[in-house]
Amino acid sequence: MNMKKFAPVAMTALLFGSAVVPVASANEKPTEAPQIQIDPIHIFNNTYGTVEKVHNGEKITYYTVKDGDQTNVLEITNETPVFDNTGKKVDLKEGDKIVAYTFANKPQKLIYPPQFNPDVVIVETEEVGFVEVDYFFEDLKNTYDILKLNIGEKTELFNSQGEKVTAKDLAEKHLVVFYTASTKSIPAQTTPSKVIILENKLANIVENTVEAEIAAIIEADSYEVDGTKMVPLRLIAEKRGFTVESTGKGAIITKGNLSFTITRGEKMFGVNKALHPLHVAPALLEANKTYVPIEFVEEFLK
């Protein structure tokens, strides 16, 4: 490990996700087009329509979905989660009106009509029930502050394998949220009846790669100040998807609803409207490079 010893030195369009409706989206196998890097936080391909044809394969069932002149094909396996708009598990059939959600960072197949293997399918019924499929931040607000979740004692919480989870597990995840009413506030607030965590497998691969790169940065570029490991702020923050804006005295680091204000030479730093302490003040340990205690990276830049 290359840990440098250093003496103390003086040192932050509205998208409604997919809210209420019922209908469908799809993806498949043949030729794969080159994959484009897409921010995994809040991107889904949504396909709406009515199931007009069902073709049973050996392990996959193909559902032809039409919405006006648009035709898509859904590739459904036994592992594809299918729910109605109240959160009940159902089987797809001809005549169902659906919306299917597919992570947009999945490789797109060059085939017509477009074919998708969706990550979740919602079937519309006449029962009262709304669905939001989106990314939710640490405060359980979705992208663009449209909806905030207030988890109640009766809210059912599950991961993609159907195992029970806690409210803490929902933060910074892609969620399928089932609810029946929300406030008229901004953002709207709701106590869901059921929440399911969607696993973005490709995003997980990307995240593991990023963490390996960050570990390499820390190994090659760190200092020790007063017994605390200091690491480069901008390099790590940008790797984790934060925007870093220099203030001359430090930096403002932002992502989604989060904002951190770091000032060199000051142990207190801002988190949105609150202040938090650090054991060692951020410092300019190399030209044009602000270093922060590794605790800041591990606890806040997640």
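Modeller: One term comes ahead of the rest: contact means that heavy atoms lie within 4.5 Å. By that rule V90 touches V82, F83, D84 and V123, leaving aside residues up to four places away in sequence. Keep in mind that this is a predicted model.

Biologist: Where is V90 placed?

Modeller: V90 sits in the loop between β5 (82-84) and β6 (97-103).

Biologist: Why is V90 called partly exposed?

Modeller: Buried means under 20% relative accessible area and exposed means over 50%, with partly exposed in between. V90 has 28% relative accessibility, so V90 counts as partly exposed.

Biologist: What makes Y101 buried?

Modeller: The limit for buried is under 20%, and Y101 has 0% relative accessibility, so Y101 counts as buried. Y101 lies in strand β6.

Biologist: How much of the protein is buried?

Modeller: Buried residues make up 45% of the 302 residues. The accessible surface comes to about 16000 Å², and 52% of that belongs to carbon and sulfur atoms. The secondary structure comes to three helices and 23 strands.

Biologist: How do you know that β6 and β8 are paired strands?

Modeller: Two strands pair if there are at least two bridges between them. Four bridges join β6 to strand β8 (residues 120-123), and the two run antiparallel. A100 stands opposite V121 in β8. Both strands belong to an open sheet of seven strands, in the order β5-β8-β6-β2-β3-β4-β7, with mixed pairing.

Biologist: What makes β5 and β7 the edge strands there?

Modeller: Each of them, β5 and β7 (115-116), pairs on one side only.

Biologist: Which order do the strands take in the open sheet of four?

Modeller: The order is β9-β12-β14-β11, and the pairing is mixed. β9 (130-136) and β11 (156-158) are at the edges, each with a single partner strand, so one side of each has no neighbour in the sheet. From one strand to the next the twist averages 20 degrees.

Biologist: How do you know that β11 pairs with β14?

Modeller: The requirement is at least two bridges, and β11 and strand β14 (residues 194-198) pair over three bridges, in the parallel sense. F158 stands opposite I196 in β14.

Biologist: How many aromatic pairs are there?

Modeller: The count comes to 12 aromatic pairs. One of them is F130 with Y179, at 5.7 Å centre to centre and 50 degrees between the planes.

Biologist: Why is the pair of F130 and Y179 called tilted?

Modeller: Ring centres within 6.5 Å make a pair; planes under 30 degrees apart count as stacked, over 60 as edge-to-face, and the rest as tilted. At 50 degrees, F130 and Y179 are tilted. F130 lies in strand β9 and Y179 in strand β12 (residues 173-179), so the pair ties together parts 49 residues apart in sequence. F130 has 26% relative accessibility and so counts as partly exposed, whereas Y179, at 7%, counts as buried.

Biologist: What makes Y223 and Y291 an edge-to-face pair?

Modeller: Planes over 60 degrees apart count as edge-to-face, and these planes are 90 degrees apart, with the centres at 5.1 Å. The pair links distant parts of the chain: Y223 is in strand β15 (residues 222-225) and Y291 in strand β23 (residues 289-293), 68 residues apart. Y223 counts as buried at 8% relative accessibility, and Y291 is buried at 0%.

Biologist: Which residues have the most contacts inside the largest nonpolar core?

Modeller: Those residues are L233, I253, F260, F269, F296 and L301, in a core of 24 residues. Several elements supply at least two residues each, including α2 (233-239), β18 (250-255) and α3 (294-299). α1 gives the most, with four residues.

Biologist: What does F269 touch?

Modeller: Among the residues it touches, not counting those up to four places away in sequence, are F260, L278, F296 and F300. F242, F260, F269, F296 and F300 form one aromatic cluster.

Conventions
Residues numbered from 1 in each chain as written. Predicted model: local features only at pLDDT ≥ 70, side-chain atom pairs only at ≥ 80, totals over all residues. Heavy atoms only, no water. Axes fitted to C-alpha atoms, helices over the stretch in contact; angles between N-to-C directions. Buried < 20%, exposed > 50% of the residue type's maximum accessible area, 1.4 Å probe, protein only. Core = buried A, V, L, I, M, F, W, Y, C linked by side-chain atoms within 4.5 Å. Areas by Shrake-Rupley, 256 points an atom, 1.4 Å probe, with all protein chains shown as cover. Phe/Tyr/Trp six-rings, centres within 6.5 Å; stacked < 30°, edge-to-face > 60°.
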